[in-house]
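Thank you all for making the time this morning.

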Amino acid sequence: MTLRVAAYSKINDTENGDRIFERSLSCLSFLEARARQKKIGAQPQSRTQELKAKVEKLKKQRDRLRAEIDVNQNLQKLRSTMEGNEELEMADDSENAKLLMLMAKHTQLKDALLAHHLMGGYDVIKTNQDKSLCFSLATAYQGNILETYNIEICLSKPLRILRHNIPPFIPVEALAEEENMQKNVRGFLDALSLHLNGFAARKQQLKLVKERHASVEVLESNALCSHLVLMFTKPKEKTALLCSLEYSDHTRSLPTHVKIQCEEQDLSGSAQWQKNTQLLQDTPLHQALESMRKTGQIL
Amino acid sequence: MEAELEAELQKLQAEVTDLEKQLQDQRRVMDFDFRGNLLHTLGVVCSQSAVPMERQMLALRLQEEVDELEEDLKRQTQMNGIRVVSCRRRREEESLEKKAVAERAGGSISAQRVCVSGVCSELSFQVEFKLSELKFGSRTKQTLSDLNIVMEESDLQSFSSFLSRVEESQDLLLFFRTLRTFCERCDERRRTFAHLQTEHPSIVSLPEGQRSEVMTLSLPQLPGCVLLVHWSVQVNKEGGVKSSVELLPKIPENALQLFQSSPVAGAAEAFHSLQRILGVEGALETVVMAMSHDQ
């Protein structure tokens, strides 16, 4: 490149310039040809050259792998030391060591935040330029993690619920009043979480009943899943039984009242059906039905 | 020359294959989530060629992220009332059948084992479980299983039947909700007892120390006569937390004979009525005040 600049600056001196210019040009073309040759890699360099290049490449790969394995091991060690709350001694003060520490700290913090989330924490986030807080309410039933609901509360006094995606049959505003949200946000969220988890549990039970018990008909159900009427069929006589379940405590996943009736028979004397009524009150719906089916009481 | 190089090449290739397997084995167990700045940092730390300026810049950026994460953690700790001491995760292989089922349905399944130890208002706990994730396109289904909970020994009694139920139903959320409520009630007890002891040190004593379930009220002029207040916080197997406060007078035989009717039976009932009207704190205050006025 320097050659090219030199060539152009000499153009002013015409006579001499022409000669120098010519010579520079030929120099340039020679260099360009050589460069082109190098790029193409030209004819296969000797086998030795090829082998040397491959060895270099593998060496780099090996070093990189060793480094990554080391880093992973060091991160593990750092994490163990951090959790043991021992004093972290930095034997090595290099930039690399500092970066490693930061990496370990980063993963530790992320894991702690995950723990909070899994423990049913409210995952509080500041939003709206720090003027509001957004909370997440997780629901789960029998190990299945179900829907997550969100609610945004404005921090200006008095506290106001800005928005949420909670279904209308859950009395959010009423709970806010009852639980004194103004003074105790966590108490309000706890109560809301109870209602949401109760609902999620009942909804899930109904879903499993529909999936696993085709012979049980759901005659009535409401959006809150707090009122259910099912129809069972007795296996031998094929008589129909009507079962109504009331869940008057909306925070619970089990019913408060269960009634089983049969048109043809009076079941109040039957010890078996008394037991079944109790079973339905003490056990999750889909499990109770499973047990009744296994013992041949219903289809 | 060529032969030497070829030999070296073979040796290196074997080394690299071995190292790749080692790295895979590591990754199979460890579950570091490398992405964004963290991934970039991994690259820099592993390479020999990064410029010091690049390392410094990365360190600054990573420090910023770490600071933000620490702020976030503080907020969560305050909001959730629980302090996480450690959270360790490990990848776990799902059974071949589960993997096959998932793949047949067009999805994928992965699992990890999570172990969290923490403290809720001085009560330590350790929770371990398996978290499986089933992915179908953009939908994810998470399931918790194999739940195992260990609590500090001293509180195991009140919790044991609840714990076994919760472990069976894998209800992690219920466990923490109940734990928090239990701790809140115990804190109420501790505060009330501490307050009464500070105000009336000659009458009130806590035989079991700070976190005592029992508070004794006695007057120096009446040796041997003690009013025992037992404030128990119980957890039933469904996770309901209930406080109950009982008043038991302990009066020596010779003193009892001085009374016409039994003062003991009446006192417990009377205290219950007082509680219904004034609440626990009010009732206890009233009793202690009554005793201090007698002095």
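Before the rings themselves, one definition is needed: two rings of Phe, Tyr or Trp, the last taken by its six-membered ring, are a pair if their centres lie within 6.5 Å, with planes under 30 degrees apart called stacked, those over 60 called edge-to-face and the rest called tilted. Please also keep in mind throughout that what you see is a predicted model.

With that rule, B:F125, B:F175 and B:F176 are linked by ring pairs into a cluster. Over all chains, the count comes to eight aromatic pairs. One of them joins B:F32 and B:F34, and because the planes stand at 50°, with the ring centres 5.8 Å apart, this pair is tilted. Both B:F32 and B:F34 are buried. The pair of B:F125 and B:F175, on the other hand, is edge-to-face, with 6.3 Å from centre to centre and 80° between the planes. This pair links distant parts of the chain, since B:F125 sits in strand β3 (residues 123-136) of chain B and B:F175 in helix α6 (residues 172-199) of chain B, 50 residues apart. B:F125 and B:F175 are both buried as well.

What does B:F175 touch, if we do not count residues up to four places away in sequence? The answer is B:F125, B:V127, B:I149, B:M151, B:F162, B:L163 and B:V166. As general background, nonpolar side chains tend to be buried together in soluble globular proteins.

On the layout of chain B, the division is into domain 1 (9-66), domain 2 (79-153) and domain 3 (183-293). Between domain 2 of chain B and domain 3 of chain B, the C-alpha centres lie 44 Å apart.

Let me now take the strands of chain B. Strand β1 (residues 83-92) of chain B pairs with strand β2 (residues 108-120) of chain B in the antiparallel sense, over nine bridges, and here B:E92 stands opposite B:A111 in β2(B). β2(B) is in turn joined to β3(B) by 13 bridges, again running antiparallel, with B:I109 opposite B:L134 in β3(B). These two strands, β2(B) and β3(B), form a hairpin with two residues between them, and in its turn B:S121 has a positive phi of about 50°.

Further along chain B there is an open sheet of four strands, in the order β5-β6-β7-β8, with antiparallel pairing. Its edge strands are β5 (204-205) and β8 (241-250) of chain B, each of which pairs on one side only. Within this sheet, ten bridges join strand β7 (residues 226-235) of chain B to β8(B), and the bridge partner of B:W231 in β8(B) is B:V245.

Strand β1 (residues 125-127) of chain A pairs with β2(A) in the antiparallel sense over three bridges, and A:T127 has A:S132 as its bridge partner in β2(A). That hairpin has four residues between the strands, and A:N128 there takes a positive phi near 55°.

Is strand β2 (residues 132-141) of chain A mostly covered or mostly open? It is mostly covered, with ten of its ten residues buried. Helix α4 (residues 95-118) of chain A, for its part, has 24 residues and reaches 35 Å from its first C-alpha to its last, close to the 34 Å expected.

I will finish with B:H200, which has its place in the loop between α6 and β5 of chain B. Why do we call B:H200 buried? Its relative accessible area is 13%, and buried means under 20%, so the residue qualifies. Leaving aside neighbours within four places in sequence, B:H200 is in contact with B:V288, B:M289 and B:S292.

Terms used. Residues numbered from 1 in each chain as written. Chains lettered and ligands numbered in written order. Predicted model: local features only at pLDDT ≥ 70, side-chain atom pairs only at ≥ 80, totals over all residues. Heavy atoms only, no water. Contact = heavy atoms within 4.5 Å. Domains from an automatic or database assignment. Buried < 20%, exposed > 50% of the residue type's maximum accessible area, 1.4 Å probe, protein only. Expected span 1.5 Å × (residues − 1). Pairing = 2+ DSSP bridges.
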